[in-house]
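The structure comes before the details.

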Amino acid sequence: MNTTLFTSTFTTPRDLLRYAITRFNGAKLFFGHGSAEALDEAAYLILHTLKLPLDKLDPFLDARLLPDEVLQVLAVIERRVNERVPAAYITNEAWLGTYAFYVDERVIVPRSFIHELIPHQFSPWVEDPYAVENILELCTGSGCLAIMMADAFPDSVVDAVDISTDALAVAERNIREYKLEGRVNLIASDLYQNVPFKKYDLIISNPPYVNSASMASLPPEYLREPQIALDGGADGMDLVRKIVAGAAERLTPNGILMVEIGNERDYAEAAFGHLGLTWVTTSAGDDMVFLLTAEQLQAQ
């Protein structure tokens, strides 16, 4: 890289933003990890690299940058383009709502639609959030949903489960950051296998659910993520079947199970439609998250 040329060509965040958008669009990058388009992702990476507030681009657009700052931003832009690595792995940061989490290549980048429902404490299905004592999250990954659940249900204890010890190490870091060590318990387990038996008021999961055909055509950015956290088998329902099958004996009489299945509604209906799935509305529509009550599960 001709550093003199670059540092004389790019002198402001505006210059770098324009360049990044051109590079991202030219490389046909995929944006599915927190940003919707090249502009959003370029702005985020520039602001994060320059340690500027993430919600205040305009006041800094024409600020004069030091040569070292320009080179730092350019290195990030080139890594995003050349390695096709998700932005969250570059910054080691992912956001869900107002929550920021540490992430790296040991976990998928958090992007669950369940997170939209947590601040509302799963109303109307949960009548009294303060009566929720025990929550189980299966396939916790970075621990993001478990942390948010602990905040939303203040009298609860959350058992957060993952088969990957690497993922649990990341989750432990996030739990420590949010000072929830006494309220979120990490369990290394293949779903329910190593979970001590008790009854839960809520069981939630954003499990691997990508079907085999879709796995074969994933964009390069998704191939950077742990494939065990994405691959749901032929119809995407391999783990979901086990989650549904084991939930009945783990739920309290008024308990509920909530599972995210992405774009696999047709497969979910084929597998569990006879149970009477309730499809929960999120910003992506009524196709991403289903709910079953303990009563429905115990009647199967």
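## A bridge between strand and helix

Asp 287 is partly exposed, at 35% relative accessible area (buried is under 20%, exposed over 50%, partly exposed in between; 1.4 Å probe, protein chains only). Asp 287 forms a salt bridge with Arg 265, at 3.3 Å from N to O (a side-chain nitrogen of Lys or Arg within 4 Å of a carboxyl oxygen of Asp or Glu). Asp 287 sits in strand E9 (residues 285-293) and Arg 265 in helix H11 (residues 265-272), 22 residues apart. Helices (H or I, at least four residues) and strands (E, at least two) are DSSP runs, numbered from the N terminus. Arg 265 is partly exposed too, at 25%.

## Basis

This is a predicted model: local features need pLDDT of at least 70, side-chain atom pairs count only at pLDDT 80 or more, and totals for chains, interfaces and linings use all residues. Residues are numbered from 1 along each chain as its sequence is written, and side-chain values use heavy atoms, without hydrogens and water.

The structure holds 14 salt bridges. One joins Glu 83 to Arg 79, with the closest N and O atoms 3.2 Å apart. These two are 4 residues apart in helix H4, so about one helical turn separates them.

Glu 221 and Arg 84 also pair, at 2.8 Å from N to O. Glu 221 lies in helix H9 and Arg 84 in the loop between H4 and helix H5, so the bridge ties together parts 137 residues apart in sequence. Glu 221 is buried at 0%. Arg 84 is buried at 18%. A salt-bridge network links Glu 41, Arg 80, Arg 84 and Glu 221.
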